[in-house]
Amino acid sequence: PQKDPSGSSTGSAVAMSAGLCAAAIGTEDAALGIERLQELSAIADFPLLCANWLRQDGELLFDPYAIFEVDGVRIGVIGLISPEIAELYPDITEGCNVYKPSGIANIYYEEMANAGCTYFIALTSLGYDGEYTPRDLAAESPWLNLILDSNTDTVLEDGELVPDTNVVVF
């Protein structure tokens with residue numbers, strides 16, 4: 001994760017490959033508040049993504065996904081946060097909805113596929129001990145190829161292939 005001058009993290013889940021970088025807003029990052037996260041997003045050298053935290057009127061707070069091209073292959077990267085942030089930070093999420101990760105991810109899948117993406121990565125802050133887990137996301141969004149989750153103390157050194165999918169969770 002990159003750091004802003006105050007030392008706060010600007011993204012909990014980070015994916016880097018072939019010179020590209022994107023970050024998803026993490027559960028603890030949400031404590032910074034929407035305005036501060038939007039400021040950090042505007043100055044970051046990489047996209048700060050979050051597809052499922054929106055204003056109640058449906059206005060996006062952050063870019064939901066980014067598309068990268070590596071050696072002629074288009075890769076869609078989507079950011080998802082745990083809906084549990086509404087309980088953790090009610091003042092910060094007031095006037096917003098935080099939707100079920102797979103429901104929103106599945107909506108954006110078609111958009112990314114229509115843009116020519118053939119591989120899909122989810123950067124998440126879900127964790128393995130809450131109501132929404134990377135395993136659930138993989139089972140409900142089997143089009144994903146890789147899920148990188150940051151909101152957990154669970155270490156998956158070799159990752160985990162979710163049964164009945166092609167999704168690997170780290």
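Colleague: How many aromatic pairs does the structure hold?
Modeller: This is a predicted model. One of its aromatic pairs is W53 with F62, and that pair is tilted, at 6.1 Å centre to centre and 45 degrees between the planes. W53 and F62 are both buried. The count of aromatic pairs in the structure is five.

Colleague: Is the pair of Y109 and F120 stacked or edge-to-face?
Modeller: The ring centres of Y109 and F120 lie 5.2 Å apart. Planes over 60 degrees apart count as edge-to-face. The planes here stand at 65 degrees, so the pair is edge-to-face.

Colleague: How far apart in sequence are the parts that Y109 and F120 tie together?
Modeller: Y109 belongs to helix 4, residues 101-114, while F120 belongs to strand 8. The pair therefore ties together parts whose separation in sequence is 11 residues.

Colleague: What distance separates the end C-alpha atoms of helix 4?
Modeller: Helix 4 has 14 residues, and at 1.5 Å a residue they should span 20 Å. The helix also bends by about 25 degrees at Y108.

Colleague: Which helix do the buried residues of helix 4 pack against?
Modeller: The buried residues of helix 4 are P101, S102, I104, A105, Y108 and M112. In an α-helix there are 3.6 residues a turn, so residues three or four places apart point the same way. The buried residues of helix 4 pack against strand 5 (65-70), strand 6 (73-81) and strand 8, and also against helix 5 (134-140).

Colleague: Which residue takes a positive phi just after helix 4?
Modeller: Helix 4 covers residues 101-114. Just after it, a positive phi of about 95 degrees is taken by G116.

Colleague: Which side chain is joined to that of T124 by a polar contact?
Modeller: T124 sits in strand 8, residues 119-125. Its relative accessible area is 0%, so T124 is buried. The polar contact spans 2.6 Å, and the side chain it joins to T124 is that of D149.

Colleague: What share of the residues in the chain is buried?
Modeller: The chain has five helices and 11 strands. It exposes about 8500 Å², of which carbon and sulfur atoms supply 46%. Of the 170 residues in the chain, the buried share is 48%.

How values were computed. Residues numbered from 1 in each chain as written. Predicted model: local features only at pLDDT ≥ 70, side-chain atom pairs only at ≥ 80, totals over all residues. Heavy atoms only, no water. Helix = DSSP H or I, 4+ residues; strand = E, 2+ residues; numbered from the N terminus. Buried < 20%, exposed > 50% of the residue type's maximum accessible area, 1.4 Å probe, protein only. Polar contact = N/O pair within 3.5 Å; in protein donor to acceptor, adjacent residues only side chain to side chain. Phe/Tyr/Trp six-rings, centres within 6.5 Å; stacked < 30°, edge-to-face > 60°. Areas by Shrake-Rupley, 256 points an atom, 1.4 Å probe, with all protein chains shown as cover. Expected span 1.5 Å × (residues − 1). Bend = angle between axes of the 7 residues up to and from the residue. Contact = heavy atoms within 4.5 Å.
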